[in-house]
Amino acid sequence: MFFRFSFAVILIVLLSLVGIAVEKQNLECRREMSRQHYRMDVLKDQHARLRLRSQKLAAIDRLVETIEQKGSQLKQPEKAPVVRPQDDDEPRRAPLLFWNKPLLDPRLNDRG
Amino acid sequence: MTSADSPHAWRTSAFTRLIFCAWGVVALRLIHLQWYQAEELARLATRQSEVVVEVPARPADIVDRNGKLLVGSVTSQSLFVDPKYLKVDADFIRALAEATHLKFEELSTRVEEYKNKRFMWVKRRLSDEEVDRVLSLKWPKNSFGFREEFQRQYPQDELAAHVLGLRDIDGEAKAGVELSLDPLIKGKPGKRKLVKDARNRIVEVDYSPEDAPRQFQAVQLTLDLAIQLFAERELEKLCEEWKPSAATVIVMEPRSGELLALASRPTYSPNDLSDVPEEAWKNQAISIVYEPGSTFKPFIVAWGLQQKALTIDDTFNCHFGTYRMQGGRQIRDVGKHGLLNVTEVLVKSSNIGMAQIGDRMQNEGLYAAVTRFGFGRPTGVELPGELSGILHPLEKWTSYSTGSIPMGQEIAVTPMQLIAAHCALANGGRLISPRVLKGVFGDGSTMDTTFTVSMTDPLLATPPQIQTATVDENIADWVIKEPMAEVVRRGTGIKARIPGYSVFGKTGTAQKYDPKTGGYSAKNFVVSFIGGAPVNDPKVVVLVVVDEPHTFQRVLGGKIAAPVAGRILQRTLLHLRVPPDRDERSAARFDEFDLDTLLE
């Protein structure tokens, strides 16, 4: 009788402990998910900030000014564009433009 | 002696029954709580522990046709206080003002005004540095807070400011595509459930995917940032030289109706909205109307040919500068011309020739031409505030109109209407509503939009576009390849010529209405040039409109607007890698022509 009662009590206590452990784990998982979502939000915002910054630094207005100050100019191709074969579906386009003077970027010279 | 006979037996029995009764009461109460009051109590508990907050959707980025960022969003903190809990003194307000870069007097006045209220914005959209400074202040508990808000930023600064528009401090769209495409850009806010403990601390944040905010990642415009820059810089130079009251440039792809660039002056920087003049808010491309003058003539000729009211071989006697119409009205030309064919009428921009064409077409034919090319109604471009222009009903037209309409008077158009109509000539006769929206990127497929959605295409949305037939393709081609090409080759548009490419175009110089005299002003003009290239397969059409250029010379579209349009055309064609179509040696024989000589 005593053993049966003790076993029942121990079983109930053990089940309760397992239940509590599972609940704690569940809660921890949910907290971790919350943290991950928060981190994701922060990263998204950081990404947006960095993208904005990079786009500001590479704004076409700034680049064109830099290029023009260094005296480079767009030059038309000297040769006539190469005529593509008839079976090529791609429309005929002029070759890429090139710069009259090389861009004098000191960082490029540093590379040796 | 048995236990039942024990004197304590009844006590034990009574105690046991009492315990059972007590447990019974507890059990009944539990059943009552768990069965009958369960829902209500659960609701009460939820209300006390759970808070549902709205999560704003991040407004979609706006990018150009090549993916260059035009508008982006970042989160920023806005500071609010609860003045009731804020035991303020002058030192604290001074410290707060310093931390937030506000003026001490203004802030103390506001705090005094709000002292009996429970909420006051101190400053919206603080910088990170300001947030750190504010947090370093010793605030009373529960007296302040930050609210996260999205802030729009414009990395290209002034470029395409009138197309992009802006949002106010509360994130509400106010102009440009921000307003017209707001349902695509704004997104749908989501919900987030927060669970709090007894001390009001957040212990859990529930992110359920179905409650997440919905938004598109980016809205792509048809603008090309490089072409936009060319247009803005040329317009800036024009404004410095001629100091007009307003000016606009539109660059359009005639076959698709896609806007490649739209610049308007005066302008503003969306990153700094302090001290913006009233006129700068107006998008001159869609919100002004003017009499188009000679740039309107090709439509009348094209419709006359379509209706067989004239043929390309017809000649008109231009009476050496003065002509009296059938209704008795006298028309004058700038130059003195004799017999001119249809091409020459347009090349020399003869008002007398056009008046005779008007006499042939009569008001009904002219009205049909005007409406067929889309004048008198908005073009349908996705920009807010587009005007319809001014087109009087046919019943109000008189014999005077028969002479005025063919030379671009008695009708007022927006620059957008004019370029859309010229694009119809350049693309073989299809009038296409101009468009600025190219598509949208991202997971917004659950959003309610009026756009057709295709998951297989990276451009998820394609806006509906209206196409109307105007004139036959051969007529449209003839107008472009003959008279309009000749205008640039040897006519008033000679300054729009560019090396390597054949250009077509038409100049316009329209006198403005003078409210003082009730007639046309002798000194205020709207000069314009519309042109495109290459002639055989037009890839680009450019319109330059300059309102009241400041000059004492006789102003002409060919002198002010044509060179600007030519330079924009040249750079645009090079940028789009359109192959040159003209041999420079054959072009050299036209070099003896000079605009000033031509105009004498």
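Tutor: Two strands count as a pair if DSSP finds at least two bridges between them. Helices (H or I, at least four residues) and strands (E, at least two) are DSSP runs, numbered from the N terminus. Residues are numbered from 1 along each chain as its sequence is written, with chains lettered from A and ligands numbered from 1 in the order in which they are written. This is a predicted model, where local features need pLDDT of at least 70 and side-chain atom pairs count only at pLDDT 80 or more, while totals for chains, interfaces and linings use all residues.

Student: Strands, then. Which residue stands opposite B:V540 in β22(B)?

Tutor: B:A533 is opposite B:V540. Strand β21 (residues 519-533) of chain B pairs with β22(B) over eight bridges, in the antiparallel sense. A hairpin of six residues connects β21(B) to β22(B).

Student: What about β9 of chain B, how many bridges join it to β22(B)?

Tutor: Seven bridges link strand β9 (residues 246-253) of chain B to β22(B), and the two run antiparallel. One residue to look at is B:M252, whose bridge partner in β22(B) is B:V541.

Student: What order do the strands of the whole sheet have?

Tutor: The order is β10-β9-β22-β21-β20 in chain B, an open sheet of five strands with antiparallel pairing. At the edges stand β10 (258-265) and β20 (504-514) of chain B; each has a single partner strand, so one side of each has no neighbour in the sheet. From one strand to the next the twist averages 10 degrees.

Student: And β20(B), how many bridges join it to β21(B)?

Tutor: There are 10 bridges between β20(B) and β21(B), again antiparallel. B:G505 stands opposite B:G531 in β21(B). Helix α15 (residues 415-426) of chain B packs on the sheet, where it touches β9, β21 and β22 of chain B. The direction of α15 makes about 150 degrees with that of β22(B). Axes here are lines fitted to C-alpha atoms, for helices over the stretch in contact, and angles run from 0 to 180 degrees between N-to-C directions.

Student: How many residues of β22 are buried?

Tutor: Seven of the eight residues of β22 (residues 540-547) of chain B are buried. Buried means that 20 or more other C-beta atoms lie within 10 Å of the residue's own; 12 or fewer is exposed, in between is partly exposed, and the C-beta atoms are placed from the backbone.

Student: New topic: helix α3 of chain B. Which of its residues are buried?

Tutor: In α3 (residues 90-100) of chain B, the buried residues are B:I93, B:L96 and B:A99. Seen down the axis of α3(B), they fall within an arc of 125 degrees (taken from the directions from the helix axis to the C-beta atoms), so they line one face of the helix. The exposed residues B:A90, B:D91 and B:E98 sit on the face turned away from that buried side.

Student: What do the buried residues of α3(B) pack against?

Tutor: They pack against α4 (104-113), β4 (120-126) and α5 (128-136) of chain B. Just after α3(B) comes B:H101, with a positive phi of about 55 degrees.

Student: Where does B:T267 lie?

Tutor: B:T267 is in the loop between β10 and α10 (284-287) of chain B. B:T267 counts as buried because it has 24 C-beta neighbours inside 10 Å. Leaving out residues up to four places away in sequence, B:T267 touches B:E158, B:A161, B:H162 and B:A280. Contact means that the C-beta atoms of two residues, placed from the backbone, lie within 7 Å.

Student: Now chain A. How many helices and strands does it have?

Tutor: Chain A has three helices and two strands, in the order α-α-β-β-α from the N terminus on. Of its 112 residues, 2% are buried.

Student: How many residues of chain A are in contact with chain B?

Tutor: 23 residues of chain A are in contact with 22 residues of chain B. On the chain A side, α1 (2-57) and α2 (60-69) are the elements that give two or more residues. The largest share, 12 residues, comes from α1(A).
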